[in-house]
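Today I want to go through the chain-to-chain contacts and jot down what I find.

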4 protein chains.
Amino acid sequence: MSDLHRGLFGEAEVAARFSDRARLQAMLDFEAALAEAEAEAGVVPYSCVAAVRAAARAEHYDLDAIATEAAHAGNVAIPLVRHLTARVAATDPEAARYVHWGATSQDVLDTALVLQLRGAVPEILRHLARAAEAAAGHAERHADTPMAGRTWLQQATPVTFGLKAAGWLDAVARAQDRVEAALAEALVLQLGGASGTLAALGTHGPEIARTLGSRLDLAVPDLPWHAHRDRLAHLAGALGVAVGTLGKIARDVSLLAQTEVGEAHEAPAEGRGGSSTMPHKRNPVGAAVALAAAIRAPGLVGTFLSAMPQEHERGLGGWPAEWETLPELVLLTAGAARAMADVLEGLVVDPARMRANLDLTQGLVMAEAISMALAVRMGKEGAHRAVEAASQRALATHRPLADVLAEDPTITRHLSPSDLAARLTPESYLGAAGELVRQVLARHRGRGSKHA
Amino acid sequence: MSDLHRGLFGEAEVAARFSDRARLQAMLDFEAALAEAEAEAGVVPYSCVAAVRAAARAEHYDLDAIATEAAHAGNVAIPLVRHLTARVAATDPEAARYVHWGATSQDVLDTALVLQLRGAVPEILRHLARAAEAAAGHAERHADTPMAGRTWLQQATPVTFGLKAAGWLDAVARAQDRVEAALAEALVLQLGGASGTLAALGTHGPEIARTLGSRLDLAVPDLPWHAHRDRLAHLAGALGVAVGTLGKIARDVSLLAQTEVGEAHEAPAEGRGGSSTMPHKRNPVGAAVALAAAIRAPGLVGTFLSAMPQEHERGLGGWPAEWETLPELVLLTAGAARAMADVLEGLVVDPARMRANLDLTQGLVMAEAISMALAVRMGKEGAHRAVEAASQRALATHRPLADVLAEDPTITRHLSPSDLAARLTPESYLGAAGELVRQVLARHRGRGSKHA
Amino acid sequence: MSDLHRGLFGEAEVAARFSDRARLQAMLDFEAALAEAEAEAGVVPYSCVAAVRAAARAEHYDLDAIATEAAHAGNVAIPLVRHLTARVAATDPEAARYVHWGATSQDVLDTALVLQLRGAVPEILRHLARAAEAAAGHAERHADTPMAGRTWLQQATPVTFGLKAAGWLDAVARAQDRVEAALAEALVLQLGGASGTLAALGTHGPEIARTLGSRLDLAVPDLPWHAHRDRLAHLAGALGVAVGTLGKIARDVSLLAQTEVGEAHEAPAEGRGGSSTMPHKRNPVGAAVALAAAIRAPGLVGTFLSAMPQEHERGLGGWPAEWETLPELVLLTAGAARAMADVLEGLVVDPARMRANLDLTQGLVMAEAISMALAVRMGKEGAHRAVEAASQRALATHRPLADVLAEDPTITRHLSPSDLAARLTPESYLGAAGELVRQVLARHRGRGSKHA
Amino acid sequence: MSDLHRGLFGEAEVAARFSDRARLQAMLDFEAALAEAEAEAGVVPYSCVAAVRAAARAEHYDLDAIATEAAHAGNVAIPLVRHLTARVAATDPEAARYVHWGATSQDVLDTALVLQLRGAVPEILRHLARAAEAAAGHAERHADTPMAGRTWLQQATPVTFGLKAAGWLDAVARAQDRVEAALAEALVLQLGGASGTLAALGTHGPEIARTLGSRLDLAVPDLPWHAHRDRLAHLAGALGVAVGTLGKIARDVSLLAQTEVGEAHEAPAEGRGGSSTMPHKRNPVGAAVALAAAIRAPGLVGTFLSAMPQEHERGLGGWPAEWETLPELVLLTAGAARAMADVLEGLVVDPARMRANLDLTQGLVMAEAISMALAVRMGKEGAHRAVEAASQRALATHRPLADVLAEDPTITRHLSPSDLAARLTPESYLGAAGELVRQVLARHRGRGSKHA
C-alpha cells in the first residue's frame with residue numbers, strides 16, 4: 001500500500017508492523033532465536049549466539065541494497081542472510097559460519113510473517129471489539145426506536161434501530177471469534193530446511209524446532225508446512241469475512257446518511273468528510289473506507305486461494321504471490337475495522353427523522369400489518385389482494401392508506417376504525433424486535449469477560 | 001453447472017441434492033414444517049397441516065412454470081408459494097389461507113439452502129476422509145522410500161514419499177476439521193418475516209422459530225440473519241481452502257506423473273485418461289478435475305465475499321448473487337474431493353523411478369549434505385562456496401559430483417573417500433523425515449474414532 | 001446455471017445456445033464440416049461426408065450417457081466422438097474410419113465454443129443497443145430536467161437527468177464497441193491435432209484448416225491456439241466491463257427508486273417486483289439482476305485469467321476450468337443486458353420529485369453556486385469559509401440557506417438579494433450539462449447506422 | 001507494493017512513475033495546467049499562472065503531512081490542494097484564490113492517474129516488444145528443433161521448439177496490440193467539477209476542458225466520466241490478459257527447466273536463482289516472478305470490475321478501491337513483462353536434451369504417427385486399438401515400441417519394417433510446424449515497423 005494511503009485505508013499500528021523495517025526485524029528475530037536454539041542443542045557453538053543477536057537489528061541494514069539484491073536472488077531472505085552473515089563476520093568470523101544454520105529462505109520468511117501476524121491481527125480484534133461495543137450501545141439505547149425496515153432498498157415493515165444495531169453487533173462478534181481462532185491456528189513455527197526434512201540439522205532437527213518454537217512462543221506443527229498454505233489461507237478467509245461484515249455495516253450507514261434519508265451520519269469533525277467544493281456536505285468517509293476494503297478484500301482472498309496449489313516442496317509462483325497479498329489484506333482489514341469502530345462510536349442517530357420517514361408512504365409501510373390482521377379473518381391471499389388494491393388506490397390518489405382502507409367495506413367489515421388506526425402505528429408492529437435485541441445483548445455481555 | 005459436466009467436475013450425491021427438484025423440495029419441507037410449528041403455537045389451525053404437508057412434494061410442481069414466473073418475480077420462492085397455495089386450495093381452501101404464514105421469501109430460500117447444505121457437505125467430508133485415509137496408507141508404506149525433494153521445480157535435497165504423503169494427509173485433516181466446523185456454524189434456521197421482526201406472527205414469533213428449528217433440526221440463532229451472510233461466507237471460505245489443498249495434492253500428482261518424472265500415476269482404467277489420438281497416454285484426469293476446481297473456487301469464494309455488503313434488511317443484488325455461487329462451490333468441492341480420493345486410493349507409486357531420479361544429477365542433489373558436513377569444519381559460507389564450485393565443475397564436465405569432490409583437496413582434507421561416499425547416499429540424508437511421518441500418522445490414528 | 005434461474009439471471013436465446021444439446025450440436029457441426037474439408041483435400045473419401053453429416057444431429061445422442069462417459073474420459077468430446085463414430089458405423093463402416101480424422105478433443109471443443117459464442121454474443125449486443133437507445137431517449141427528453149447530483153451518496157450540486165442518462169448511454173456505447181471487437185477477434189478456428197502441428201493430416205493440414213475455416217465462416221489463425229487463451233480471455237474481459245457498466249446503471253436506478261428518493265422506478269407489471277408480504281412495494285427486480293451479475297462477473301473474469309498459464313501444448317486444469325466459466329459469463333452478461341434494456345425502456349421518471357428533492361436541503365445544495373460567485377470577489381478559500389459557516393448555521397437552525405445568507409454582511413456586500421435568489425435556483429447552475437448531453441446524443445446518432 | 005519487492009515483482013521505471021512523489025507531481029501538473037487553461041479562458045487572472053506553476057513541484061510538499069490529512073479528508077487531493085494553496089498564498093495571495101478553480105478532487109486524482117498511466121504503460125509495451133523479439137529469435141533458430149509436445153503434462157506427439165516459441169511470440173504480439181489500444185482509449189482528460197456539469201466554470205467549462213486537454217495532450221471525452229470507469233477497467237483487463245500470457249510462457253519455461261526435463265533454463269548469473277543451501281540449483285527466478293503476477297493479476301482485475309457499479313455522480317467505496325488497484329496491476333504487469341523479456345533473451349536451450357527426451361518412451365510418443373498410417377488402411381478405431389494394444393505391451397515389457405510393433409502381424413501386414421522405422425522418427429511427424437512458424441514470423445516482421 002502506498003504510504004499516502006496507509007493512514008486512510010490502513011491502521012497505524014498494523015502499518016508499522018508490516019513496514020519494510022519491521023519485516024526485516026521479524027526475520028532477524030528468527031535468525032537470532034535459531035542460533036540460540038541450535039546452540040542449546042549443541043549444533044552450533046554457544047559463542048555465536050551473542051554475535052548473531054547483536055547483529056540482528058534491522059536498523060543496521062540498508063533496505064535499498066537488500067531490495068536490489070532481492071530482485072536478483074528471488075526473495076528478501078537471501079540478501080538479508082548474506083548481510084547478516086557479513087556483519088557477524090566483521091566481529092566474529094567463527095560465529096559467521098553458523099548464521100542461518102540448517103534453515104532455508106522459506107523458514108525465515110514464513111516464521112517472520114507469522115510473528116508479524118501475531119503482532120498485527122490483535123489490533124484488528126481490538127477494533128472489532130470497539131465496533132461491537134459501540135453497536136451494543138446503539139442496540140441498547142435504540143431498542144425501542146422505530147424506523148423503516150428496508151428490503152430491496154424499499155421501505156418494508158417497521159423495525160427498530162436497536163434491531164439493526166444488534167444485527168451489526170452479532171455479526172461483528174462472530175467475526176471476532178473467527179479471526180481469533182484462525183490466528184491461533186496460524187501461529188505455528190516454520191522450520192524444515194531445504195526440503196522439509198531438517199536434514200541439515202542431523203538428528204537434532206525436531207529438538208531444535210521445539211526449542212525455537214518455545215523461544216518464539218509459537219506452536220510447533222507436526223510437519224514443516226512449506227507448500228501447504230491452508231492455515232494462512234484460512235486466516236485470509238476469516239479476515240475476508242470480517243471485512244464483508246464491516247462493509248455491510250458501512251453500506252447501511254452510508255444509506256442512512258443519504259441526504260434524502262438522513263437517519264444517521266458519521267460524527268462531524270473539523271476537515272473530515274468535507275468536500276473541496278460543497279461546504280455543506282458530510283461525506284461518510286469512514287464508511288467509504290470500509291466499503292473500499294470490502295471491494296478489495298475478496299480479490300486478495302481469492303489470490304491467496306489461487307496461490308495454494310504450490311509445487312512439491314516449495315511453490316514456484318504461488319509462494320511469492322502471497323508476500324504482498326496477506327500483509328495487504330491484514331492492513332485493509334485493520335483499516336476497515338478501525339474506520340467502522342470510529343464510525344459506530346461517533347454515529348449521530350436521528351430518531352425523529354427515522355419516525356418521520358416511516359410516514360413518507362402515508363401508511364403503506366403498514367400494509368402488511370393490516371394484511372395480516374385481515375388474513376386471520378379472510379385468508380392470506382384474499383387479505384393480500386384487498387390490501388394490495390387499497391394500497392394501489394392510495395398510491396394513485398396520493399391519499400393516506402388509512403383513509404382508503406376506511407372506505408372499503410371488505411376491510412371495515414373486519415377491522416373497526418380504532419382497530420385500523422392502532423394497527424397503522426409502526427410501534428404496534430415491531431414483533432419480536434425487543435426480545436431479539438435483548439438476546440443479542442445478553443450474549444454480548446456474556447462474552448464481555450473474554451474480550452475485555 | 002451443465003449437466004454434461006456434473007459427473008466430471010461434480011459428485012453424484014451432491015449434484016442430486018442441488019438439483020432443481022431438490023431445491024424445491026427443501027423449500028417445501030420448510031413450508032410444511034412452518035405450518036406445523038405455527039399450528040402448534042395456535043397461530044394457524046391444526047387442520048391446515050395435513051393439507052400443506054400433502055402438497056409439499058416437489059414432483060407436484062412444474063419446474064418450467066416456476067422458472068418462468070421466477071424470472072418475473074425476482075426469485076423462485078414467490079411462484080413456488082403461489083403454486084403451493086393453489087394446490088392446497090384445491091383440496092382445502094381454508095388451509096390455503098395459512099400457507100407461508102408470516103414468512104418472507106428469504107426465510108424459505110435461506111432455510112432451504114441450509115437444509116441442502118446439511119445433506120451435501122457431509123459428502124465432501126466423506127471424500128476428504130477417504131483421501132486422508134489413502135494418504136495415510138501411502139505415508140505408512142513409503143515412510144522410508146527416498147525421492148527427490150523439489151523446490152522451484154528443481155531437485156533439492158532428498159525427502160521420502162511418505163513425508164510428501166504425510167503432508168497431504170495433515171492438510172486434508174485440517175480441511176476436514178474446518179469444513180465440519182463451518183458447516184456446524186451455518187446450520188441455523190432463517191425465520192424473520194418481512195423485515196426480520198417476525199411481526200406477522202404477533203407475539204408467537206420466537207416460539208414458532210424454536211419449534212421450527214427443532215422440527216428441522218437446525219439451531220435457532222439469536223437473530224434472523226437476512227442480510228448478514230457471514231456464516232455462509234465462512235463456509236465458502238472453508239470450502240475454498242479445502243479445494244486449495246486438494247489442488248496442491250493434484251499439482252504434485254500431475255507433476256510426478258509427467259512422462260519425464262514417472263514416479264507416480266493415477267490408476268489406469270478402461271477408457272480413463274486415454275487420449276483420442278495418443279494410445280499410450282495416461283492423462284491425470286482426476287488431478288485435472290481438482291486443479292480445475294482450484295482455479296475456479298477462488299472466484300466463487302471471492303464472489304460470495306463481494307456479495308456481503310447487502311443493503312439494510314435485504315440485499316438488492318448481493319443476495320441473488322449467492323444463489324448459484326454457493327451450490328456451485330459445494331459441488332466443485334465435492335467433485336475435487338471425490339476425484340482426489342479416487343486418485344490417492346488408486347495411486348500407482350514407482351519407488352524405483354523415484355530412486356533413479358535421485359541419481360539424475362550425478363550427485364548434485366546431495367550437495368547440501370556435503371556442504372553441511374564441511375560447514376562444521378570450515379564454516380557455512382566457505383563450505384557453500386567449495387561445494388558450489390565443485391558442483392559447477394561437475395555440471396560443466398558432466399561428471400559425477402563424487403569424482404569432482406574427490407579431486408579437491410579443500411574437501412578431501414575434511415572428508416575421507418568413504419565418508420564422502422556415505423554422505424552422497426540419499427538414504428543418509430533424510431533428517432527427521434521418519435519421525436515427522438510418524439507424528440502425523442499418530443495424530444491421524446488419534447482422530448480416527450472421530451471421523452469413522 | 002440452474003434451469004430455475006436461467007430466465008431470471010440469463011436470457012432465453014443465449015440460454016438456448018448454451019444448452020447441453022446446443023453444445024453437442026456445435027461439436028457435431030465441427031465434425032461434419034471437418035469431414036467435408038478433409039474430403040475436399042482428398043484425405044478422407046468423399047463418400048464419408050454424407051454419413052457423418054447425417055449422424056451429426058445432437059438429438060440422436062443420449063446426453064446422460066455422454067455425461068457419464070465424460071466423467072471418466074475427462075471431457076465431453078471423447079464420448080461424443082465415440083458415439084458419433086458408432087452411429088456412422090451402423091450405416092457406413094467405411095465412413096466410420098474417418099470420423100474426427102486428425103483432430104483432437106480440443107479442436108472440437110474449442111471450435112464448438114467459438115461457434116456458440118458467434119450465436120450468443122450478438123444477443124448481448126442487441127440488448128446493449130436497446131439499452132443505449134432507451135438511455136438516449138431519456139437523455140433527450142430530460143436534457144433540461146434538473147435533479148440533485150450526488151457524490152458519496154450526498155446531494156452535491158444540481159445536474160440534469162438527461163446528463164445522467166447521457167452518461168449511461170455513452171458507457172453502454174463503449175461496451176458495445178468493445179464486446180463487438182473482442183468477439184470478432186475470438187471468432188477463430190481451432191484445428192491443430194494432438195500437439196498443434198496437424199501432423200496427422202500429413203501435408204494437408206493448413207489447406208484443410210483453410211477450407212474448414214471457410215465452411216464454418218471462421219478466421220484461420222496463424223497458429224493453433226490450444227494453450228494460448230488470450231482471445232477468449234479478452235472477450236471475457238470485455239464482457240466483464242460491460243456488466244460493470246450495466247451494474248453502475250442498475251445501482252443508479254435502484255438508488256433513485258428508494259422510497260425516500262422516488263425519482264424513478266422500474267415499470268410496474270402484474271406480479272413483477274411485488275413482495276409476498278408487502279403489497280405496496282415496487283422492488284427494482286431488473287436492477288437487482290444486473291447488480292447480481294456485476295457481483296458475479298468479476299469472479300468469472302478472474303477465473304478465466306487465472307486459468308491462462310496452461311501447461312505446454314494443452315493445459316491440465318486451466319482448460320477445463322474454462323468450460324463452465326465463459327458460457328456462464330456470456331449468459332450472465334446477456335441477462336444483465338436484457339434486464340437493463342427492459343429497465344431503461346420502461347423506466348418511469350418523476351421530474352417533480354427530482355425537483356422537490358433539490359429543495360430538501362433548503363438551499364444547501366446550491367452552496368457551491370454561491371461560493372463560486374463569491375470566490376470571484378473574495379477568493380476561493382474565503383468564499384468557501386463564509387458559505388460553509390452560513391451552511392452550518394442554516395443546518396443548525398433548520399432555516400433556508402437563503403435566509404441565513406441574507407443576514408450575513410460579508411456575503412450581502414458582494415451579492416444583492418435578487419442576485420442571491422437567482423443563484424439559489426438549481427436551473428441557473430447546470431453549467432455545460434446541456435452541451436454535454438447534445439455531444440453524446442450527436443455521437444449516438446452518428447453510430448446509428450452501424451448498429452441498426 | 002512494499003519497497004523491498006518493487007525490484008523483484010515490479011519494474012524500476014514504472015515504480016518511479018507510481019511513487020508517492022510522482023503521484024503528487026502528476027496532480028500538481030494538472031493543477032498548473034488547469035490554471036493556465038482557465039487564465040486563457042479569462043476565468044482566472046493570468047497573473048496566477050506563474051505562482052501556481054512555481055508551487056507545483058512535488059518536492060515542496062511533506063508527504064507524511066499529506067498522508068495524515070488524507071486519512072482524515074478521505075483522499076489525497078484535499079490536503080494537497082490545501083498545501084498548494086497555502087504555498088501559493090505565501091507568495092501571491094491573490095493567485096491563491098484561484099488554485100483548483102472549479103475543479104473537484106476527482107478531476108485532479110483521475111487526470112493525474114491518466115498522466116501516470118501514459119508514462120508507465122509504454123514501459124510495459126517496451127518489455128513486451130523485447131519478449132516478442134526474443135521469442136521470434138527462438139522461433140527462427142529452432143524452427144526445425146524437434147521436442148516432445150506435451151498435453152496434460154504427458155508427452156504427446158513431437159513438435160518443434162520453434163513452434164512453441166512462435167506460439168509465445170504470437171500471443172505476446174496480441175498482448176501488445178491490446179494494451180496499446182486500451183491505453184489509447186484511457187488517455188482522456190477528467191474535468192467535470194463537483195457533479196460533472198462544470199457549473200463552477202460558468203459558460204467556459206467545455207472551452208477550458210479543451211484547452212486543458214490540449215495542454216496535457218489528452219483527449220477530451222464527450223462527458224466527464226467520474227463514475228463511469230469502463231475505460232480504466234478495459235485497460236485493467238488488457239493488462240490482466242497480458243499477464244496471463246506471460247504466465248503461460250513462464251509456466252512452460254519453468255516446466256522445461258525441471259531437473260528431470262532440462263530442455264531449457266534461464267540464463268545463469270552470479271547470485272541469481274541460486275539457493276542458500278543447494279549450490280547446484282538454477283531456480284527459474286524470472287518465471288516465478290511472472291507466475292506470481294499471473295496469480296495476483298486476476299484478483300486485481302476482478303477488484304477493478306467489482307468497483308465499477310459506482311453510485312450516481314461519485315462512487316462511495318468503488319472509487320477509492322481503485323486507487324491502489326490499478327497502479328499495483330500496472331507495476332505487476334511491468335515486472336512480469338520485464339522478467340519474461342529477460343528470461344526469453346537469456347534462455348539457454350538444449351536441443352540435445354529435447355531430442356533425448358523424445359526417446360524416453362521408447363517410441364510411444366510416435367504411436368499416433370503409426371496409428372494414423374494404419375488408419376488409412378484399417379480405419380481409425382481399429383488402428384487406434386491395435387496401436388494401443390502394442391503400446392500397452394511395450395509399456396508392460398519395457399521394450400521399444402518398434403520391436404513390439406514388428407511382432408504384430410496386424411500391423412506388419414500394412415507397414416514394412418523400413419516404413420515403420422521411418423514413421424517412428426520424430427522428425428518425420430512434425431506436420432505443418434515449419435509452415436506455421438514461418439507464418440508467425442512473417443507477421444512479426446510485418447509488424448516490425450510499428451513497434452520499433
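**Ground rules.** I'm working on a predicted model, where local features need pLDDT of at least 70, side-chain atom pairs count only at pLDDT 80 or more, and totals for chains, interfaces and linings use all residues. Residues are numbered from 1 along each chain as its sequence is written, chains are lettered from A and ligands numbered from 1 in the order in which they are written, and side-chain values use heavy atoms, with hydrogens and water left out.

Entry 1: I looked up the superposition (least squares on the C-alpha atoms of residues with pLDDT of at least 70 in both).

**Entry 2: the B–A interface.** Counting contact as heavy atoms within 4.5 Å, I get 92 residues from chain B and 92 residues from chain A. Buried area (accessible area, 1.4 Å probe, that two parts lose on being put together, summed over both) comes to about 8,200 Å², with 61% from carbon and sulfur atoms. B:Trp152, B:Asp222 and B:His312 supply 10% of what chain B buries against chain A, more than any other three residues.

Entry 3: For salt bridges (side-chain nitrogen of Lys or Arg within 4 Å of a carboxyl oxygen of Asp or Glu), the count is ten between chain B and chain A. One I clicked on joins A:Asp230 and B:Arg174 at 2.6 Å, N to O. Helix 11 (residues 230–256) of chain B gives the most to its side of the contact with chain A, 14 residues; helices here are DSSP runs of H or I, at least four residues, numbered from the N terminus.

**Entry 4: C and D.** Chain C goes onto chain D with a turn of 180 degrees and a shift of 0.0 Å along the axis, RMSD 0.0 Å. I noted that 100% of the contact residues of chain C recur in chain D. Here 92 residues of chain C touch 92 residues of chain D, and about 8,200 Å² is buried between them. C:Trp152, C:Asp222 and C:His312 supply 10% of the area chain C buries there, more than any other three residues. I count ten salt bridges between chain C and chain D, and I wrote down C:Arg178 with D:Glu185 at 2.5 Å, N to O.

Note on methods. Helix = DSSP H or I, 4+ residues; strand = E, 2+ residues; numbered from the N terminus.
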